[in-house]
Amino acid sequence: LPPPPPPPIADTSGRLVHDAAHPWHAPEEGDMRGPCPGLNTLASHGWLPRDGVATPAQIITAVQEGFNMGYDLAAFVTYAGHIVDGNLLTNKLSIGQATNRTGPPPPPPAHAGGLSAHGAFEGDASITRGDAYLGDNDSFNATLFDEFVSVSEKYGGGAYDFAAAGALRMARIRDSIARNPYFRLLAPRYHTAYAESVFPIAFFIDGRRTGAERTRLDPAVARGFFESARMPPDFWRSSSPWGRPEVGIAVDALYRAHPISPGSNNGTVDSYTHDPTSPRLHQFCEMYTDYVNVTVRELYPNAKGVLLAALNKNLDYLYSALGRTSCPQVPPFV
Ligand code: HEM
Ligand code: MG
């Protein structure tokens, strides 16, 4: 059965993370990279295995060490990704597409398809990756990044700040509504879409910056992370952790500036319809419950034996990542 999550890292102060022990190397043939610039960067700097295949414990530790993501958020997001996209028997997750390095896949509809697999975790209206329906949900899209730059100029005085992040979040959603007939913005993607808009400010800005400069990300630096999975020379991680409370406050600000309810297009473009059954941003317990009962259940409708046991263990670890948030636990699958 999968081992429990590691404890939180002891020292959460800022520090040099692009150090001599973590040089950038381009990925080699067979190394997995995917839709998450954070994990891609950790792999390309050796904070994660450079082949892009990792255990949940390795990811939870690496995102804390390399970027100062808060422990609660690190554990929750990691198990949420691993349960739907990872191999629960070998305890390995590809941060990109499916690979035999994670071992023999589980019986369908589960797939252990890696974080690039569309639907359960990866979703539409990403910042620098296209919608799966429109072709490539995985690799850096230079046209989309041009919009990152122009929105940063228009709203952030040349930087990706909270004003730019909110405007770009909404612009990406509007673009998907207009171009993707099957656009979906339902929990948990609804929640991760907003969180991912905050992550560049939380994690891609040098931790030695202070004051107003601490929340202004230079687009050239951003491009290094998004496109090349590369930290700037001499990069320091954030001087304090960004966990669920910190990211949550920023998410609220983005949402208040540009609110939209969870929903989807209905097979034609420009048909966005609100879905009242999908949890809203502040409904964290409902999001967790919906994730287990709908997203995970669809992939594992009748797991048996050791697979069922591994699934339930991972669901326990996901629940324990809720920490002091008192949500009722969804009962184990039978
Ligand atoms: C996007 C997984 C941690 C930054 C994504 C996506 C996945 C993912 C699956 C694609 C979603 C989509 O846009 O469709 C994870 C997992 C993590 C993690 C399992 C484990 C803790 C991080 C960290 C950072 C980060 C630590 C920053 C240092 C981002 C950003 C995006 C993203 C900025 C949006 C990319 C874009 O829309 O262009 N992540 N991530 N993630 N992730 Fe992560
Ligand atoms: Mg996406």
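This is a predicted model: local features need pLDDT of at least 70, side-chain atom pairs count only at pLDDT 80 or more; totals for chains, interfaces and linings use all residues.
1. A helix here is a DSSP run of H or I with at least four residues, and helices are numbered from the N terminus.

2. Is S176 buried or exposed? A residue counts as buried if 20 or more other C-beta atoms lie within 10 Å of its own. S176 has 26 other C-beta atoms within 10 Å, so S176 is buried.

3. Who are the partners of S176? Setting aside neighbours within four places in sequence, S176 is in contact with D124, A125, D131 and F183.

4. Now look at how helices meet. Two packed helices are described by the angle between their axes and the distance between the axes. Helix 5, residues 162-179, and helix 8, residues 244-257, have axes that come within 9 Å and cross at roughly 60°. Helix 5 and helix 8 are therefore oblique to each other, and their crossing is right-handed.

5. Which residues make this meeting? From helix 5 come F162, A165, G166 and R169, and from helix 8 come A250, A253, L254 and A257. Sorted by class, the contact of helix 5 with helix 8 has six nonpolar residues, one polar and one charged.

6. A second pair to find is helix 3 with helix 9, the latter being residues 284-299. Their axes are 9 Å apart, and the two pack at an angle of about 30°. Angles under 35 degrees count as roughly parallel, so helix 3 is roughly parallel to helix 9. In this contact, helix 3 brings A80, I83 and V84, while helix 9 brings Y291, T295, V296 and L299. By class, the contact of helix 3 with helix 9 has six nonpolar residues, one polar and no charged.

7. Finally, turn to ligand 1. There are 26 residues around ligand 1, and those that come nearest are C36, G38, G81, S126 and F203. Helix 1 (37-44), helix 2 (56-67), helix 3 (71-85) and helix 6 (189-203) are the elements that give two or more residues to this shell. Which helix gives the most to the shell around ligand 1? That is helix 6, with five residues. The shell around ligand 1 is made up, by class, of 16 nonpolar, seven polar and three charged residues.

Terms used. Residues are numbered from 1 along each chain as its sequence is written. Chains are lettered from A and ligands numbered from 1 in the order in which they are written. A residue is near a molecule or strand if its C-beta atom, placed from the backbone, lies within 6 Å of it. Ala, Val, Leu, Ile, Met, Phe, Trp, Tyr, Cys and Pro count as nonpolar, Asp, Glu, Lys and Arg as charged, and the others, Gly among them, as polar. Axes are lines fitted to C-alpha atoms, for helices over the stretch in contact, and angles run from 0 to 180 degrees between N-to-C directions. Angles under 35 degrees count as roughly parallel, over 145 as roughly antiparallel, 65 to 115 as roughly perpendicular and the rest as oblique. A crossing is left-handed if the near helix is turned anticlockwise from the far one by less than a right angle, and right-handed if clockwise. Two residues are in contact if their C-beta atoms, placed from the backbone, lie within 7 Å. A residue is buried if 20 or more other C-beta atoms lie within 10 Å of its own, exposed if 12 or fewer, and partly exposed in between; C-beta atoms are placed from the backbone.
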